[in-house]
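Hi there,

Here is the structure I promised to pass on, with some notes on its aromatic side chains below. Have a look at it first, then read on.

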Amino acid sequence: MAFESFSAFLAMEGHGPYVWTCYAVFVILVAGTVFWSAKRHQATYHMCKRSYEQENPKGQNVPKAAATFTRVEISQD
């Protein structure tokens, strides 16, 4: 083991406060990014859902588009 005790590990020969502060800032930023991303995803989902419901009310039947297959003639010249 590189350190004699757990307190020596935390102190890291005087560099501990800087190292642990950097780790704490990193964890806070990653957690904030995950939280912000989840909130934006949820907001975008609800916005799309509201938009779809406004365009297609529940009482209205939405006709399905008929599939059409047409042959396209391409010149081989």
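**Aromatic pairs and a surface patch**

Searching the whole structure, which is a predicted model, turns up 4 aromatic pairs. One of them joins F3 and F9: the ring centres are 5.4 Å apart and the planes meet at 70°, which is over 60 degrees, so this pair is edge-to-face. F9 also pairs with F6, and here the arrangement is tilted, with 6.0 Å from centre to centre and 35° between the planes. F6 and F9 both sit in helix 1, and because they are 3 residues apart, about one helical turn separates them.

How exposed are these rings? F3 has a relative accessibility of 26%, so it counts as partly exposed. F9 is partly exposed as well, at 29%. F6 has a relative accessible area of 58% and is therefore exposed, the cut-off for that being over 50%.

Which residues make up the aromatic cluster? F3, F6, F9, W20 and Y23 form one cluster. W20 belongs to helix 2, and its relative accessibility of 32% makes it partly exposed.

There is also a nonpolar patch on the surface, formed by F6, L10, W20 and Y23, which together have about 440 Å² of accessible area. Helix 1 (6-11) and helix 2 (16-55) each contribute at least two residues to this patch.

Best wishes

Note on methods. Residues numbered from 1 in each chain as written. Predicted model: local features only at pLDDT ≥ 70, side-chain atom pairs only at ≥ 80, totals over all residues. Heavy atoms only, no water. Patch = residues over 30% accessible without salt bridge, like charges linked within 9 Å, V, L, I, M, F, W, Y side chains within 5 Å. Areas by Shrake-Rupley, 256 points an atom, 1.4 Å probe, with all protein chains shown as cover. Salt bridge = Lys/Arg side-chain N within 4 Å of Asp/Glu carboxyl O. Helix = DSSP H or I, 4+ residues; strand = E, 2+ residues; numbered from the N terminus. Buried < 20%, exposed > 50% of the residue type's maximum accessible area, 1.4 Å probe, protein only. Phe/Tyr/Trp six-rings, centres within 6.5 Å; stacked < 30°, edge-to-face > 60°.
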